[in-house]
Structures are given as structure tokens and as C-alpha cells.
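Please read the numbered points with the sequence and the model side by side.

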Amino acid sequence: MRGFLSPALRHTPTELQARFAGYSRGRRSKLAAAAQTTLVKADQWARGGAVDAPVADALTAALAQVKPKKK
């Protein structure tokens with residue numbers, strides 16, 4: 001009955017995940033489509049949540065291809 005005394009586990013997103021979370025919804029959905037996943041899974045990955053390894057690898061690869069937004 002001591003489980004409630006343990007510290008809470010916090011997900012710490014990586015730099016790539018934080019950068020992905022900072023993008024607009026439209027840009028995040030385009031990156032998710034490029035990674036062949038849904039925006040829900042991509043946002044879950046950006047918060048540091050558990051997603052399948054192929055999805056995480058695809059999102060990481062899609063973020064590597066991002067260039068600065070044209071103005």
C-alpha cells in the first residue's frame with residue numbers, strides 16, 4: 001500500500017518532439033501524413049507518449065526533411 005508514495009513519472013520529450021509540438025496544426029498534419037500516421041499518434045509521440053517504433057522512426061525522418069517555412 002506504499003504505491004502512492006512513489007514519485008509521479010513524467011514524460012520528457014526530446015528536442016525533436018518539442019519542435020514538432022511547436023508547429024501549427026496544418027504543418028503537423030502534413031508531417032504526420034508524410035510519416036504515414038495519424039495526427040493523433042503524432043501528437044501523442046510529441047508529448048512523449050508511447051507509440052510504435054516504426055511510427056516514431058517515420059516521424060523522426062519526416063522532421064529531418066523539414067526546411068524553414070517560406071515567407
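**Notes on the helices and their surroundings**

1. Helix α2 has Arg28, Leu31 and Ala32 as buried residues. Seen down the axis of α2, these buried residues fall within an arc of 100°, so they line one face of the helix. Here the arc is that of the directions from the helix axis to the C-beta atoms. Buried means under 20% relative accessible area, exposed means over 50%, and partly exposed lies in between (1.4 Å probe, protein chains only). Helices (H or I, at least four residues) and strands (E, at least two) are DSSP runs, numbered from the N terminus.

2. The model is predicted: local features need pLDDT of at least 70, side-chain atom pairs count only at pLDDT 80 or more, and totals for chains, interfaces and linings use all residues. Residues are numbered from 1 along each chain as its sequence is written, and side-chain values use heavy atoms, with hydrogens and water left out.

3. What lies on the other side of α2? Lys30, Ala33 and Ala34 are exposed there. The buried residues of α2, by contrast, pack against α1, α3 and α4. Contact means heavy atoms within 4.5 Å. As a general point, an α-helix has 3.6 residues a turn, so residues three or four places apart point the same way.

4. The loop between α2 and α3 holds both alanine 35 and glutamine 36. Is alanine 35 buried or exposed? Alanine 35 counts as buried, at 12% relative accessibility. Glutamine 36, at 75% relative accessibility, counts as exposed. Glutamine 36 follows α2 and has a positive phi of about 55° although it is not a glycine.

5. Which residues does alanine 35 contact, leaving aside its neighbours within four places in sequence? They are Ala58, Leu59 and Ala62. Alanine 35 can also be set against alanine 61, 26 residues apart along the chain: their C-alpha atoms are separated by 7.8 Å.

6. Helix α3 covers residues 39–46, and its buried residues are Leu39, Ala42, Asp43, Trp45 and Ala46. Seen down the axis of α3, they fall within an arc of 155°, so they line one face of the helix. The partners against which the buried residues of α3 pack are α1, α2 (25–34) and α4 (53–64). Just after α3, glycine 48 takes a positive phi of about 90°.

7. Lysine 41 also lies in helix α3. Lysine 41 is partly exposed, with a relative accessible area of 37%. Between lysine 41 and alanine 8, which are 33 residues apart along the chain, the C-alpha separation is 23 Å.

8. Glutamine 17 belongs to helix α1, which spans residues 15–21. With a relative accessible area of 9%, glutamine 17 is buried. Which residues does glutamine 17 touch, not counting residues up to four places away in sequence? Glutamine 17 touches Thr12, Trp45, Ala46 and Gly48. Of these, Trp45 and Ala46 are among the buried residues of α3.

9. Proline 13 is found in the segment before α1. At 40% relative accessibility, proline 13 counts as partly exposed. Proline 13 and valine 55 are 42 residues apart in sequence, and in space they are 15 Å apart, C-alpha to C-alpha.

10. Taken as a whole, the chain has four helices and zero strands, and its elements run α-α-α-α from the N terminus on. The radius of gyration of the chain is 15 Å, well over the 11 Å that the globule rule gives for 71 residues, so the chain is more spread out than a compact globule. This radius is taken over C-alpha atoms, and the globule rule is 2.2 Å times the number of residues to the power 0.38. Along its principal axes, the C-alpha trace spans about 55 × 25 × 20 Å.

11. How much of the chain counts as buried? Of the 71 residues, 27% do. Among contacts between residues at least 6 apart in sequence, 52% join residues at least 24 apart. The chain exposes about 5700 Å², of which carbon and sulfur atoms supply 57%; accessible areas come from the Shrake-Rupley method with a 1.4 Å probe, and for residues only the protein chains shown count as cover.
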